2 protein chains.
Amino acid sequence: MFQSNSQTLNDFNESKIIENIQQWLGNTSPECPLGIGDDCAVVPPEPSAQSLISTDALVLGKHFDHSITAEQAGQKLVLRNLCDIAAMGGYPKYATLSILSGSNLSIDWLHQFYKGIKATADTHDLKIIGGDLCQLQDDQFQAVMTIIGTATKPVLRHTASIKDSIYVTGQLGGSILEKHYNFQPRLSEGQWLADNSFASAMVDVTDGIAKELNFLTDRFASIQIDLKSIPIAESAHSLADKNSENPLKKAFCDGEDYELLFTLKHSIESTQFEADWKQRFPQTPLTKIGTVIEKNPLANIIDSETQTPIDDFKSFDHFNCE
Amino acid sequence: MFQSNSQTLNDFNESKIIENIQQWLGNTSPECPLGIGDDCAVVPPEPSAQSLISTDALVLGKHFDHSITAEQAGQKLVLRNLCDIAAMGGYPKYATLSILSGSNLSIDWLHQFYKGIKATADTHDLKIIGGDLCQLQDDQFQAVMTIIGTATKPVLRHTASIKDSIYVTGQLGGSILEKHYNFQPRLSEGQWLADNSFASAMVDVTDGIAKELNFLTDRFASIQIDLKSIPIAESAHSLADKNSENPLKKAFCDGEDYELLFTLKHSIESTQFEADWKQRFPQTPLTKIGTVIEKNPLANIIDSETQTPIDDFKSFDHFNCE
């Protein structure tokens, strides 16, 4: 990645690097003024939809290391940002990309990084419309993407009602084995939930549901979870076995699942909803894991079987996630 | 800035830091979902205007050092971004702010940084609607802002016509003495130029006009400059004296002037235009420095007096800016 024996950023001036980036992106970066090349990108008005805006970074040594390729790193940055759009039920449209890097970064590495950016952006109809290039000290690399999407009926956090069912997509935990850089942003699923007004609240699972469950409701409601229903990923099981940990704890606390956690309005018949889901998204597992209940004075999250606060569920100690 | 004997980021968890940031920003960050707190910020549609999007970073050791305060650093980041909106003739609306920092950053420093962000944002009616927080290795700090504005008639680059006059605001060169962190983004001036369709092309002067002049025209035109007219800043003179440099070279090549460089449509009477400017913006110097001319096969930028390419103007060597 950082080299002294091949071409690096140091061998080019800024204009030349930007020219390269434009070439690498091809039509993933539209013609100026919508694309790269002016003081700002100029985006036409979208009169009938709200805009969604989010920003996420990719830091060498934190979000990726040398065990994944440059292309996979680029892919991961775009996917991370797409997940934020998915969690609102939105449609991705545009993104800016800032590269902050030591000037000893290999040009080949950067090219491959943009290859990952381009492929993932193209798959999801995302256009790269601007960015910035900043020099850091040698051996450092960070990229920051700001993504812009649209939604006519975005699904928010903290808006679930009492009796709504709680669902999660996919399987949870153990993402460090591979899923953290190779996952499906649940865009179509989120769009379907939002456009049909099925979901009453929705969040992206990035830090583990132990934290994210708290974002579904306001302070007048609690959450009841059926621990036996939690969909634990294979990789969470194998990591837990290896380290003598509780796999349930991994499913609750591991980061970077990039799944959707949402509540289904209780006015919607759940059997029919689940059947429709299966037909529409046969590849995307969906699991009902609990229900929104009236405020429990003991805790925000309650075990449905024992009716005890999960925070105090010492026998499992699932939630000691720090 | 980085401390071991006072409270640092390390003493707080992420939620607590975000809570602090929300408190520091107060109503500069609107209520969620427009403000901080969901997977994305939700921005209402703006049916009649185009959106302007740009992104700029502030890197410790590159864009600022310990000689300026945290508040001045925060101010500089917002001002840098506002200048990109000004250069399109736009109105600033929203911004996201990503903080990438070593966890030994002093909380007090970050608080003061946000104080600078807030004060500058408030002055220019800019709302901070989202962001991201990322841990770096100790002693590092970077902030990335993405700004969103609106314009009904944005002024682009490369769109000047032959015979258009070339103007620049303020004085050029020597910004390193103070102006690089303490300057006026020329927002009202840019808006007036855009809304009245006076300007045919416009750019922000960040890297020096020697580079930026090339952005005014397309490849079918050249630029003729009256070197005697260039408004050289006092600080460029004093730095040039000190280092036995040519002050004109500093005016052409120094970075971070953050002034507007634009072309006035030749259909507009320039004496009247200049009189109107003086009445409307008495505090903002305006200087006519040249004219767009038919393509000169010798060079893109020509000295009006000698009719020689300025790139080859060896006696001055102004343009050896690297």
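How many residues of chain A are in contact with how many residues of chain B? In this predicted model, 46 residues of chain A are in contact with 46 residues of chain B, where contact requires C-beta atoms, placed from the backbone, to lie within 7 Å. Residues are numbered from 1 along each chain as its sequence is written, with chains lettered from A and ligands numbered from 1 in the order in which they are written. Local features of the predicted model need pLDDT of at least 70 and side-chain atom pairs count only at pLDDT 80 or more, while totals for chains, interfaces and linings use all residues.

Several elements give two or more residues to the side of chain A that touches chain B, among them strand 1 (41–43), strand 3 (91–102) and helix 2 of chain A. Helices (H or I, at least four residues) and strands (E, at least two) are DSSP runs, numbered from the N terminus. The most is given by strand 2 of chain A, with 9 residues. Strand 1 of chain A also runs antiparallel to strand 2 (residues 50–59) of chain B, joined by 3 bridges; pairing requires that DSSP find at least two bridges between two strands. Within strand 2 of chain B, S51(B) stands opposite V43(A).

**Domains of chain A**

The domain assignment, automatic or from a database, divides chain A into domain 1 (9–151) and domain 2 (165–312). Their C-alpha centres lie 29 Å apart. Between them, 16 residues of domain 1 of chain A are in contact with 15 residues of domain 2 of chain A. Helix 2 (residues 70–86) of chain A provides the largest share of the domain 1 side, 9 residues.

The table gives the composition of two contact sides. Ala, Val, Leu, Ile, Met, Phe, Trp, Tyr, Cys and Pro count as nonpolar, Asp, Glu, Lys and Arg as charged, and the others, Gly among them, as polar.

| Side | Composition |
|---|---|
| Chain A, touching chain B | 24 nonpolar, 13 polar and 9 charged residues |
| Domain 1 of chain A, touching domain 2 of chain A | 10 nonpolar, 4 polar and 2 charged residues |

**A sheet in chain B**

Chain B holds an open sheet of 6 strands in the order 7-9-6-10-8-11, with mixed pairing. Strand 7 (199–205) and strand 11 (301–303) of chain B are the edge strands, each pairing on one side only. Strand 7 of chain B is joined to strand 9 (residues 259–264) of chain B by 6 bridges, and the two run antiparallel. A199(B) has L264(B), in strand 9 of chain B, as its bridge partner.

How values were computed
Contact = placed C-beta atoms within 7 Å.
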